[in-house]
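Here's a quick briefing for anyone meeting this structure for the first time. Have a look at the model, then read on.

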Amino acid sequence: MTDPTVGPEAVSHARDTRIVHAGHRPTDHHGAVNPPVYHVSTITFPTVDDMAAKQAHKLDAVYYGRMGTPTTQSLDQTVAELEGGHWCVSVCSGMAAVTGALMALLKAGDHMLMTDSVYWPSRSLCDTLLCNMGIKTTYYDPQIDGPGLTALMRPNTRVVFLESPGSLTFETQDVAALAAAAHAGGAHVLLDNTWASPILFRPFDHGVDLSIQAATKYIVGHSDAMLGTVTMRDRALFERVKTTAVQLGYSVGAEEAYLGLRGLRTLAVRLRQHQANGLAVARWLQGRPEVARVLHPALPEDPGHALWRRDFSGACGLFGVLLRPGPSPDAMAAFLDGLALFRMGFSWGGYESLVIDTTRSITRTAAPWTHDGPSLRLHVGLEDPADLIADLDAGFARMAARDAS
Ligand SMILES: *Cc1c(COP(=O)(O)O)cnc(C)c1O
């Protein structure tokens with residue numbers, strides 16, 4: 001939860017200043033700079049009256065560990081303020097944020113429009129658990145325009161789900177146009193805003209109702225905790241999402257909430273370096289003969305560049321690379337296995353560089369994915385970009401040597 005009186009309207013400082021001070025109330029904690037880590041399940045009440053009073057406001061009060069503690073409430077306030085919302089519900093992972101938000105808004109018989117470029121576990125949720133509960137999903141081309149989306153709306157479409165840029169393929173969506181079409185048809189607009197973190201895209205200025213963060217990524221920022229957030233401006237939506245999260249039992253661990261808050265304070269400086277390093281590596285890759293295309297909306301050659309310039313205030317370090325057809329699976333393995341700095345692993349948003357082979361992971365049902373060569377996803381970390389480029393350069397040499405032998 002958060003207090004609307006410290007919402008964005010009350011704050012006029014620059015973004016870097018807000019990151020340091022958002023949700024910050026040292027006077028609540030004897031002046032300590034950071035809030036204490038509350039390890040707590042049971043909250044005790046001194047009197048019957050006090051218990052009743054807290055129960056009457058249990059979505060906002062410190063009432064029971066599963067529903068929030070001063071540590072999680074501090075995280076909620078900070079994320080809400082940075083993302084431009086009034087309320088935030090933190091949960092135990094990014095997937096819990098996706099699932100909790102959808103379960104709060106959908107019931108049997110409802111229909112949802114989902115971007116074809118969505119994070120694969122979200123797609124899997126729609127195709128199995130939600131489908132089994134009688135909630136139907138139609139996937140749409142991530143590049144669809146407002147009229148195109150309107151044509152897909154049904155009388156029972158309750159949610160339009162966006163992710164921009166999309167997972168693995170990085171298409172940028174016209175969020176404002178799609179949100180207008182969704183609202184005209186009576187649906188809520190959910191955005192998985194993880195790529196932008198809470199600071200590179202302002203979801204509520206573009207018509208989004210619920211903004212989801214896999215806080216595991218850049219908010220935590222150090223690959224050491226699982227965390228998710230759902231942020232909104234509307235109090236009624238907050239109550240629905242918070243109630244659902246509590247029912248599902250998605251409570252946030254005390255240490256995780258603390259690590260999320262601690263990571264947030266350095267988000268702006270980290271992202272500036274991720275952006276600069278990422279673009280240096282991306283531009284170098286564009287010049288490589290092995291590379292067909294780099295999928296990065298901050299590059300002027302990217303089809304989403306105009307929208308990115310219009311809507312975003314920066315880029316993170318995550319992007320895709322399409323290789324020209326040719327390298328054998330053995331050559332791809334030679335490239336990946338020998339990398340010294342880029343490690344292979346899921347997730348991203350930490351200080352370290354990561355790579356995964358996405359050749360067989362891009363799933364499309366609405367718009368065909370036509371690239372027929374291998375593909376990669378890179379997360380460019382905070383290392384010196386010259387060292388990262390040398391690491392990839394040596395990888396391309398191993399790749400060529402393997403297929404030549
Ligand atoms: C990682 C990720 C998630 C899920 O977050 P977890 O914390 O791993 O559950 C959701 N959406 C996007 C876009 C992600 O990259």
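Gly320 stands opposite Arg377 in E12. This is a predicted model, where local features need pLDDT of at least 70, side-chain atom pairs count only at pLDDT 80 or more, and totals for chains, interfaces and linings use all residues. Residues are numbered from 1 along each chain as its sequence is written, and side-chain values use heavy atoms, with hydrogens and water left out.

**The sheet**
- Strand E9 (residues 318-323) and strand E12 (residues 375-379) run antiparallel, joined by five bridges. (Strands are DSSP runs of E with at least two residues, helices are runs of H or I with at least four, and both are numbered from the N terminus; two strands pair if DSSP finds at least two bridges between them.)
- An open sheet of five strands has the order E8-E9-E12-E11-E10, with mixed pairing.
- At the edges sit strand E8 (291-295) and strand E10 (343-344), each pairing on one side only.

**The ligand**
- The ligand is surrounded by 13 residues, and the closest are Gly94, Met95, Asp192, Thr216 and Lys217. (Here a residue is near if one of its heavy atoms lies within 4 Å.)
- Sorted by class, that shell has five nonpolar, five polar and three charged residues. (Ala, Val, Leu, Ile, Met, Phe, Trp, Tyr, Cys and Pro count as nonpolar, Asp, Glu, Lys and Arg as charged, and the others, Gly among them, as polar.)
- A side-chain N or O atom of Asp192 is 2.6 Å from a nitrogen atom of the ligand.
- Taken alone, the ligand exposes 380 Å², and the protein buries 92% of that (accessible areas come from the Shrake-Rupley method with a 1.4 Å probe).

- Going from Ser164 to Pro165, the peptide bond is cis, with omega near -10°.
- You'll find Pro165 in the loop between strand E4 (157-163) and helix H7 (175-184).
- His30 has a positive phi, near 55°, though it isn't glycine.
- Its place is the loop between helix H1 (15-21) and helix H2 (48-56).

Terms used: A polar contact is a pair of N or O atoms within 3.5 Å; within protein, one must be able to donate a hydrogen and the other to accept it, and residues adjacent in sequence count only if both atoms are side-chain atoms.
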